[in-house]
Amino acid sequence: MPGQVKVMIDRIIEQRSKGNAVLASTTQTKLILKGFDPARYDASTPDDPLVLAQLRQIAADLNVTL
Amino acid sequence: MGISVSKLTDVSDDAGARLAAELGGPAVVIYFASPKHDPQDLALSVARAFPAAVTFGCTSSGELVSGSMSKGAIVAMGLGADVVSRTEIAVVDGITGSDDGIGRVFAEWEAKLGQKMLDLDPERWLGIVLIDGLSGAEERVMERLGDLTNVIFIGGSAGDDVAFKKTVVAAGSKVASDAAVIALLECPSGFDIIKTQSFHATRQFLVPTKVDRAAREVIEFNGKPAAVAYAEALGVGVDKLADEFMAHPLGLMIGGEPFVRSPQQLVGESVRFFCGVDEGMKLAILNSTSIVEDTGDALKKALDRNQEARGLLNFNCILRTLELEAKGLTEQYGNVFKVIPTAGFSTYGEEYIGHINQTATMVLFR
């Protein structure tokens, strides 16, 4: 099923920001600096296993449970 | 007590006592000093002179105090207990290694605070980070700090008067290289952060397609040798490319603002940067604008929205300082900060969420 990358990125932002818009923006910046620009992924993005593994690691580093 | 600043221009054994005479009784003392002042002697002198305060600082490549830029000086800022009500401080050693010193320090702080670092209010708590400017480890330090907390860490990479031999950070009487000083400040009246860089983004982009991340080198942009692609984009020959670096660095655009990646030098047909550049990052070519005007505008806007502001810490990129010197604009730049007590230094890199270049990152304390 495509779109898992976008779902994981959205969950990371949601869990770290807890609805705070400033924290959501800061978390997006952190993701972009890590190489994951949320704007580049959408529901049709293929589920590349390598990308998903990288995101799982980032989520773990950020103390986010996916 | 509020905020006070001081500058010493001559080398002396009693620098700490002389600073204490001017700064009064602050809760926190932050200082930046040319390496011509022995860092160990200075750290001891400052720690002894302020026994009730948290003291920390680093070596510089030029200093800034309200109204003037200087070279070879010591500048210091004292923050009163009304500005900073609680401080935690640590030296993280071995930042070029794999040890998780930041994780360990944060665990200690959490035990003391009785609160998770992730749960601290980022509008009340501020992080300051000073990093060995020759370590090449800033990206890793900033990434780890950002992973473990929502508190914003801002700061700079220590300098050494443009010798590029040894940079030092200090906390209390301890000095270290291959290290970072991290400080956590509780600011009951709050603070604001300014990030300003004097560039506008063009519609031209370079995308690294092959990099040596550890060396901060781009081997290929857009599938071509990096120097060739960069020169083509600027419309110059590869032999003239390095002359364009200062005026046309690259920017990772985030929210319409560039996070500047400054090229340092050509290495064959590769381009080495002053900060990390990853494969796939879409980087805009930037055109330089006026540092004095842009910084003045950024400060004015910040002061307009923080009319109770009491002092400013400025981490100003050495490349900006060199440009100001080349254009004879250091006096004008210093004048920008006459309106508020300011202390800062010329850095080997600026820290704000990540590691950036050709930028001034500043904290405005309320």
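# Contacts between chains and domains

User: How many residues does the contact take from chain B, and how many from chain A?

Analyst: In this predicted model, chain B contributes 19 residues to the contact and chain A contributes twelve residues.

User: And what area do chain B and chain A bury between them?

Analyst: The two chains bury about 1,400 Å² between them, and 55% of that area lies on carbon and sulfur atoms. On the side of chain B, D147(B), N150(B) and I353(B) supply 35% of the area buried against chain A, more than any other three residues.

User: How many salt bridges does the rule find across the interface of chain B and chain A?

Analyst: Two salt bridges are found across that interface. One pair with a computed distance is K34(A) with D147(B), whose closest N and O atoms are 2.8 Å apart.

User: Which elements of chain B each supply at least two residues of the side that touches chain A?

Analyst: The polar contacts between the two chains come to nine residue pairs, both residues being at pLDDT 80 or more. On the side of chain B that touches chain A, at least two residues each are supplied by α4, β18 (250–254) and β19 (257–261). The largest share is that of α4(B), with five residues. By class, the residues on this side divide into nine nonpolar, five polar and five charged.

User: Going back to salt bridges, how many does a search of the whole structure find over all chains?

Analyst: The search finds 21 salt bridges over all chains. The pair that crosses between chains runs from K34(A), in the loop between α2 (21–33) and α3 (49–61) of chain A, to D147(B), in helix α4 of chain B.

User: Why can such side chains pair at all?

Analyst: Side chains of opposite charge can pair when their charged atoms come close.

User: Change of topic. Into which domains is chain B divided?

Analyst: Domain 1 of chain B covers 3–195 + 293–365, and domain 2 of chain B covers 199–288. The centres of the two domains, taken over C-alpha atoms, are separated by 28 Å.

User: How many residues of each domain are in contact, and what area do the two domains bury?

Analyst: There are 14 residues of domain 1 of chain B in contact with 14 residues of domain 2 of chain B. Together these domains bury about 1,200 Å², with 46% of it on carbon and sulfur atoms. Within domain 1 of chain B, the residues that lose the most area to domain 2 of chain B are K195(B), N357(B) and Q358(B), which together account for 44% of what that side buries.

User: What is the count of salt bridges between those two domains?

Analyst: The count is three salt bridges between domain 1 of chain B and domain 2 of chain B. Elsewhere in the list of computed pairs, E139(B) forms a salt bridge with R216(B), the closest N and O atoms being 2.9 Å apart.

User: Which elements give two or more residues to the side of domain 1 of chain B that touches domain 2 of chain B?

Analyst: They are α4 (138–148), α7 (318–326) and β26 (354–356) of chain B. Of the elements on that side, α7(B) gives the most, with three residues. The class division there is five nonpolar, five polar and four charged residues.

User: What about the chains as a whole: how many helices and strands are there in chain B?

Analyst: Chain B has eight helices and 27 strands. Its radius of gyration is 20 Å, close to the 21 Å that the globule rule gives for 366 residues, so chain B is as compact as a globular protein of that length. The C-alpha trace of chain B spans about 60 × 45 × 40 Å along its principal axes.

User: And what does the secondary structure of chain A come to?

Analyst: Chain A has three helices and zero strands, its elements running α-α-α from the N terminus on. The radius of gyration of chain A is 11 Å, close to the 11 Å that the globule rule gives for 66 residues, so chain A is as compact as a globular protein of that length. Taken along the principal axes, the C-alpha atoms of chain A fill a box of roughly 30 × 20 × 20 Å.

Terms used:
Residues are numbered from 1 along each chain as its sequence is written. Chains are lettered from A and ligands numbered from 1 in the order in which they are written. This is a predicted model: local features need pLDDT of at least 70, side-chain atom pairs count only at pLDDT 80 or more; totals for chains, interfaces and linings use all residues. Side-chain values use heavy atoms; hydrogens and water are left out. Domain bounds come from an automatic or database domain assignment. Contact means heavy atoms within 4.5 Å. Buried area is the accessible area (1.4 Å probe) that two parts lose on being put together, summed over both. A salt bridge is a side-chain nitrogen of Lys or Arg within 4 Å of a carboxyl oxygen of Asp or Glu. Helices (H or I, at least four residues) and strands (E, at least two) are DSSP runs, numbered from the N terminus. Ala, Val, Leu, Ile, Met, Phe, Trp, Tyr, Cys and Pro count as nonpolar, Asp, Glu, Lys and Arg as charged, and the others, Gly among them, as polar. A polar contact is a pair of N or O atoms within 3.5 Å; within protein, one must be able to donate a hydrogen and the other to accept it, and residues adjacent in sequence count only if both atoms are side-chain atoms. The radius of gyration is taken over C-alpha atoms; the globule rule is 2.2 Å times the number of residues to the power 0.38.
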